[in-house]
Amino acid sequence: MSWFLAFLLGVSVVRGPFYGLVEHGPFGPETWGGPTLAGAWAVHALVAVPVIAVLPFVLGGIGRLHAAAIRRAYGSAVAWWVLPATIVLTVGGLLFFVAWTRQL
């Protein structure tokens with residue numbers, strides 16, 4: 001999940017604010033913000049900038065959850081919610097990955 005989110009962070013940095021420089025069209029009505037380049041660029045930037053700001057914190061949280069799950073696997077006492085949160089994150093991440101790949 002972390003590798004996939006790190007990949008999405010990279011894509012957001014490259015394609016979000018710099019959309020017009022990496023995508024050369026055509027810009028149709030199905031394009032976010034289309035049919036003009038300016039509209040598509042603005043919408044991609046408005047979506048990407050919050051994603052760029054939030055994803056590092058999400059990755060940090062996943063790292064802390066992973067560390068707690070490893071401590072639990074080695075028998076250390078951790079909070080009761082570590083295992084359910086790990087399961088929910090894994091299933092949610094898998095569903096998100098499948099949904100993302102289907103829209104390609």
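In this predicted model, Ser2, Leu5, Ala6, Leu8, Leu9, Ser12, Val13 and Arg15 of helix α1 are in contact with His44, Ala48, Val51, Ile52, Leu55, Pro56, Val58, Leu59 and Ile62 of helix α3. Sorted by class, the residues of this contact comprise 13 nonpolar, 3 polar and 1 charged.

**Helix α1 against helix α3**

- Helix α1 covers residues 2–15 and helix α3 covers residues 37–73, and their axes come within 9 Å of each other while crossing at roughly 150°.
- An angle over 145 degrees counts as roughly antiparallel, and α1 and α3 are therefore roughly antiparallel to each other.

**Helix α4 and its two partners**

- Two packed helices are described by the angle between their axes and by the distance between those axes.
- For α1 and α4 the packing angle is about 40°, and the axes are 11 Å apart.
- α1 and α4 are therefore oblique to each other, and the crossing in which α1 passes α4 is left-handed.
- On the α1 side this contact is made by Phe4, Leu5, Phe7 and Leu8, while on the α4 side it is made by Phe96, Phe97 and Trp100.
- The contact of α1 with α4 contains 7 nonpolar residues, with no polar and no charged residues.
- The axes of α3 and α4 come within 10 Å and cross at roughly 130°, and these two helices are therefore described as oblique to each other.
- The crossing of α3 and α4 is left-handed.
- In this contact, α3 contributes Ile62, Leu65, Ala68, Ala69 and Arg72, whereas α4 contributes Val82, Leu83, Ala85, Thr86 and Leu89.
- By class, the residues where α3 meets α4 divide into 8 nonpolar, 1 polar and 1 charged.

**The largest nonpolar core**

- In soluble globular proteins, nonpolar side chains tend to be buried together.
- In this model the largest nonpolar core has 7 residues in all, namely Phe4, Leu5, Leu8, Leu9, Leu55, Ile62 and Trp100.
- The elements that give two or more residues to this core are α1 and α3, and the largest share, 4 residues, comes from α1.
- Leucine 55, one of the core residues, touches Leu5, Leu8 and Leu9 when residues up to four places away in sequence are not counted.

- Serine 12 is found in helix α1, and it is classed as buried because its relative accessible area is 13%, where buried means under 20%.
- Once neighbours within four places in sequence are left aside, serine 12 is in contact with Pro17, Ala48, Val51 and Ile52.
- Histidine 44 has its place in helix α3, and with a relative accessible area of 15% histidine 44 is also buried.
- Not counting residues up to four places away in sequence, histidine 44 touches Arg15, Gly16, Tyr19 and Trp32.

**Exposed and partly exposed residues**

- Threonine 90 lies in helix α4, which covers residues 82–102, and threonine 90 counts as exposed because its relative accessibility is 51%, the cut-off for exposed being over 50%.
- Threonine 90 and proline 50 are 40 residues apart along the chain, and their C-alpha atoms are separated by 23 Å.
- Valine 91, which also lies in helix α4, has a relative accessibility of 46% and therefore counts as partly exposed.
- From C-alpha to C-alpha, valine 91 and threonine 31 are 30 Å apart in space, and in sequence they are 60 residues apart.
- Leucine 21 has its place in helix α2, which covers residues 19–22, and at 56% relative accessibility leucine 21 counts as exposed.
- Leucine 21 and tryptophan 41 are 20 residues apart along the chain, and a distance of 9.2 Å separates their C-alpha atoms.

Methods. Residues numbered from 1 in each chain as written. Predicted model: local features only at pLDDT ≥ 70, side-chain atom pairs only at ≥ 80, totals over all residues. Heavy atoms only, no water. Axes fitted to C-alpha atoms, helices over the stretch in contact; angles between N-to-C directions. Parallel < 35°, antiparallel > 145°, perpendicular 65-115°, else oblique. Contact = heavy atoms within 4.5 Å. Nonpolar A, V, L, I, M, F, W, Y, C, P; charged D, E, K, R; others polar. Buried < 20%, exposed > 50% of the residue type's maximum accessible area, 1.4 Å probe, protein only. Core = buried A, V, L, I, M, F, W, Y, C linked by side-chain atoms within 4.5 Å. Left-handed = near helix turned anticlockwise from the far one by under 90°.
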